[in-house]
Amino acid sequence: MHTFFNIPLTIQLDFIDDILYATPKRDKICPCGGKRHLHHKKEQDIRHSYTYEYGTITIRLTMYYERCQTCHVTTRHDGGLDVIHKTTANYRKLVTTVAKTHSLGYAARQFDVPKATIQGWLR
């Protein structure tokens with residue numbers, strides 16, 4: 001685990017022009033035993049962490065959409081960060097922890113996330 005960024009070691013990190021690029025290693029074998037084919041690849045800015053000095057830390061994550069040639073199932077590979085709606089599980093956990101310890105309004109202002117979104121994450 002990259003300790004400062006709380007990112008698994010299976011993801012390669014690169015700093016280029018003050019942007020943190022994260023590229024996960026591809027798993028080319030499907031659980032069914034078939035070979036995966038790269039269907040689509042895209043880079044997306046993802047909210048990952050927060051520091052009081054710099055604010056929200058955003059990473060540019062390369063996500064792979066792969067299709068198994070045997071079972072024909074298409075999967076998204078994000079390196080185990082559990083990306084949902086441009087946020088990682090680490091970021092959602094951080095925001096909900098602050099909302100539980102302080103207040104929902106404080107967390108919404110601090111992280112610039114709507115209250116309804118935080119309420120959904122708390123459920």
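This is a predicted model: local features need pLDDT of at least 70, side-chain atom pairs count only at pLDDT 80 or more; totals for chains, interfaces and linings use all residues.
Rings of Phe, Tyr and Trp (its six-membered ring) are called a pair here if their centres lie within 6.5 Å; planes under 30 degrees apart make the pair stacked, over 60 edge-to-face, and the rest tilted. Keep that in mind for later. Residues are numbered from 1 along each chain as its sequence is written, and side-chain values use heavy atoms, with hydrogens and water left out.

Let's start with the overall layout. The protein has 3 helices and 5 strands, taking helices as DSSP runs of H or I with at least four residues and strands as runs of E with at least two, numbered from the N terminus. The C-alpha trace spans about 50 × 35 × 20 Å along its principal axes. Of the 123 residues, 37% are buried; buried means under 20% relative accessible area, exposed means over 50%, and partly exposed is in between (1.4 Å probe, protein chains only). As for contacts (heavy atoms within 4.5 Å), take those with a separation of 6 or more: 44% of them involve residues 24 or more positions apart.

Now back to the rings. A search of the whole structure turns up 3 aromatic pairs. One of them joins Tyr 50 and Tyr 52, edge-to-face, with 5.5 Å centre to centre and 90 degrees between the planes. Tyr 50 counts as buried because its relative accessibility is 16%, whereas Tyr 52 is exposed at 66%. Tyr 91 and Phe 111 also pair up: their centres are 6.1 Å apart and their planes sit at 85 degrees, so this pair is edge-to-face. Tyr 91 belongs to helix α1 (residues 89-101) and Phe 111 to helix α2 (residues 104-111), so the pair ties together parts 20 residues apart in sequence. Tyr 91 is buried, with a relative accessible area of 0%, and Phe 111 is buried at 3%. Put together, Tyr 50, Tyr 52, Tyr 91 and Phe 111 form one aromatic cluster.

Over to strand β3, where you'll find Leu 38. Leu 38 is partly exposed, at 31% relative accessible area. Beyond its neighbours within four places in sequence, Leu 38 touches Arg 26, Tyr 64, Tyr 65 and Glu 66. For a sense of distance, Leu 38 and Gln 110 are 72 residues apart in sequence and 39 Å apart in space, C-alpha to C-alpha.

Finally, have a look at Gly 34, in the loop between β2 (19-24) and β3 (36-51). With 3% relative accessibility, Gly 34 counts as buried. Leaving out neighbours within four places in sequence, Gly 34 is in contact with Lys 28, Ile 29, Cys 68 and Thr 70. Cys 68 is 34 residues away along the chain, yet the C-alpha atoms of Gly 34 and Cys 68 are separated by 6.1 Å.
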